[in-house]
Amino acid sequence: MITHTCHSPVVVWGGGTGGVAAAVQAARSGANTLLLTPGHWLGGMVSTAGVCCPDGNELAPWQTGLWGAFLRALYQAEAEGLDQNWVSCFGYRPTTAEAILQNWVHALPNLQWWADCRLLDVERSGSSVQAVLIQRSADVHRIGCDVLIDGSDRGDLLPLAEAPFRLGWEPQELWGEPSAPSEQRLKSEDFFLQQPVQSPTWVVMGQLQSDRLVADPASGVDPQGAPLLPEPFEQACAAFGLERTISYGRLPGGLVMLNWPLHGNDWHRGLERAFAVDSKAEQELLAEMQAHSLRFADQLERCTAGWLKRGEAFPREAGSPAGCLAAMPYWREGRRIIGLHTVIEQELLPQATGQSIAALPLNDAGELESIAIGNYANDHHYPGSDWPLAPKSCRWGGRWTGTPFCIPYRALVSAEVENLLAADKGFSTSHMANGATRLQPLIFNVGQAAGAAAALSIRLRCSLAALPVRMLQDLLIEEPTAPSGIVPLWDTPWHHPHWQQRQRACLENPELLGSNGCWLGPEEQASMAPPPQPQQDVWSGTLVPDGNAGYALERSDGCRWPLITLEPELSDWLADQDRPKAVELLAVANPWGPWLRAISLLGSKDVS
């Protein structure tokens, strides 16, 4: 029985990264917004699920929008800095991320947040959603809305709204994706029935007892070797050794994110239960995932003779089943809405070797329809050997990074339900493309675009499908708190003094964006030196190029540090160096990389 009835112009279901971003941006754009979450924490992947070493959008040109704002808030909040591990350029504690997100939400008077909600139903009339029904405590609420946004990790709203969606694999014959399996394989091989979606992980946190693992002759522990682990973990440390396997996801304070894909705590069995009507089956799946991750952590603790122990990273109010376990699984894939446009693998691939960009999403009039930029390389998690994927990476700044690609607005809009948007990883992509579009940084900015679109459509009194995309793009570029990039300019970092002007100019004339992603317009006389960063220091020594787009800094004390950068100006300078040179740099050391993350060049001279 319905006990309460209300109305909110924008309703967002789900506490995923994109859902929170959508709610925050809808409210910042002037719409009264209601955010409904199943738990007591926000953020999905970036906090509640404990995936605290984000991948993708790491370079300064892609650190824009709510992702960039989140990153800069993390730098201020984590006193030890974010250079903590070797899987990512950023590592932070879940509680730090959650505090940032909750501060954003609570700062907006026109944004309400209802936690601990259970989604019951979606009322639809014709092609429009009228209301959502949720249970909160003992009360059932019917909440009318003008725009409904799915901000969940698994596309919770889609079946209830009877919105067409995809789940699982598509054959190569459908779109010609180079990495997709054939229809014959999908029908004949058991693998595809057993792996309907990418494997999820229940993150478990460890706590290091010191910075380095010391060899223990009594136990035969070798920090660089592969210890004897029981099935199914026996090969977990084979590729990188014990210490590197564990420090992969190191966080401030010596916490360790255990989210290990190589014979680690990815979960592969019975994944169809994640999308079943039977809640008992889902609970059984979740219990199996938790037990698997705890067993993995316990076996690593045994092998390290106590150097790694279970870590306390999630307080009781997060909803965690144990202080070391994330409050929810890391779902890499769920239901994907069928939108007005579906992003497929070819739209993510570089147009040339080396520094390049993917093809721009242009409409019939030649106008750019992008609303967010991603650059993750593409990564699929299944049992067994790595799935072969079309390459989309290049060397840049002394490291490997992914080719940038654009997400068009129409991929967020349901093809059938006229007031429904997708804000998290369930927007309209193929299964193969999902491996590159599912990451936290891109989802932050996809969610931001969904929230801005919802507010704009209400203000203009137009349908989502008819929304003027250029107005949405201008709103994102000019957003006062978190301006979001929509044009993939490799050479224009977020802090460039003409960043906004270049973004707008490329919208007016896409030909100002070269095929390599560089600005072709008039050069401005302006410095783009990065702002100061916590933990930066002056480093001097001899820069040594390796002849293969890699670099090292040799210091006078004999130490040799691999050198990387996320800044385009410094990357361009490094690319021109072909012999040793004495340099002085501003940089941040990451001993777990190990590498120096160079921020800017202070001076250089030839070595005599």
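Let's start with the second largest pocket: about 1400 Å³ of space lies in it. A word on terms. On a 1 Å grid over the protein atoms alone, a pocket is an open set of points with protein on both sides within 12 Å along at least five of seven lines, while a cavity is a set where a 1.4 Å probe fits but cannot get out. Lining residues have an atom within 4 Å of a point. Grid points are joined across faces, edges and corners, and a volume is the space filled by probe spheres set on the points.

Keep in mind that this is a predicted model: local features need pLDDT of at least 70, side-chain atom pairs count only at pLDDT 80 or more, and totals for chains, interfaces and linings use all residues. Residues are numbered from 1 along each chain as its sequence is written, and side-chain values use heavy atoms, with hydrogens and water left out.

Back to the pocket. It has 43 lining residues. Which lie nearest its centre? Trp 13, Pro 38, Arg 154, Asp 156 and Glu 282. Strand 4 (117-125), helix 4 (157-160) and helix 9 (279-303) each give the lining at least two residues. Helix 9 supplies the largest share, five residues. Helices here are DSSP runs of H or I with at least four residues, strands are runs of E with at least two, and both are numbered from the N terminus. By class, the lining has 21 nonpolar, 14 polar and eight charged residues. Nonpolar covers Ala, Val, Leu, Ile, Met, Phe, Trp, Tyr, Cys and Pro; charged covers Asp, Glu, Lys and Arg; the others, Gly among them, are polar.

Next, the cavity. The structure holds one of 30 Å³ or more. The largest cavity has a volume of about 30 Å³. Its lining is Asp 150, Ser 152, Gly 155, Leu 158, Ile 337, Ala 422, Asp 424 and Gly 426. That makes three nonpolar, three polar and two charged residues.

Now helix packing. Axes are lines fitted to C-alpha atoms, for helices over the stretch in contact, and angles between N-to-C directions run from 0 to 180 degrees. Under 35 degrees counts as roughly parallel, over 145 as roughly antiparallel, 65 to 115 as roughly perpendicular, and the rest as oblique. Contact means heavy atoms within 4.5 Å.

Take helix 2 (residues 65-77) and helix 11 (residues 440-460). Helix 2 packs on helix 11 at about 125°, with axes 6 Å apart. The two are therefore oblique. Gly 65, Leu 66, Trp 67 and Phe 70 of helix 2 touch Pro 441, Phe 444, Asn 445 and Gln 448 of helix 11. Five of these contact residues are nonpolar, three are polar and none is charged.

Helix 11 also meets helix 12 (residues 469-477). Their axes come within 10 Å and cross at roughly 125°. So this pair, helix 11 and helix 12, is oblique. On helix 11, the contact uses Gln 448, Ala 449, Ala 452, Ala 453, Leu 456 and Leu 460. On helix 12, it uses Met 471, Leu 472, Leu 475 and Leu 476. Nine of those are nonpolar, one is polar and none is charged.

Helix 12 then packs with helix 13 (residues 499-508) at about 170°, axes 10 Å apart. Parallel or antiparallel? Roughly antiparallel, therefore. This crossing is right-handed too. Arg 470, Gln 473, Asp 474 and Ile 477 of helix 12 meet Trp 499, Gln 500, Gln 503, Arg 504, Leu 507 and Glu 508 of helix 13. The classes are three nonpolar, three polar and four charged.

Last, the backbone. A cis peptide bond joins Glu 231 and Pro 232, with omega about 5°. Pro 232 sits in the loop between strand 8 (204-208) and helix 8 (241-247). The bond from Gly 593 to Pro 594 is cis as well, omega near -15°. Glu 162 is not a glycine, yet has a positive phi of about 55°.

Note on methods. Left-handed = near helix turned anticlockwise from the far one by under 90°.
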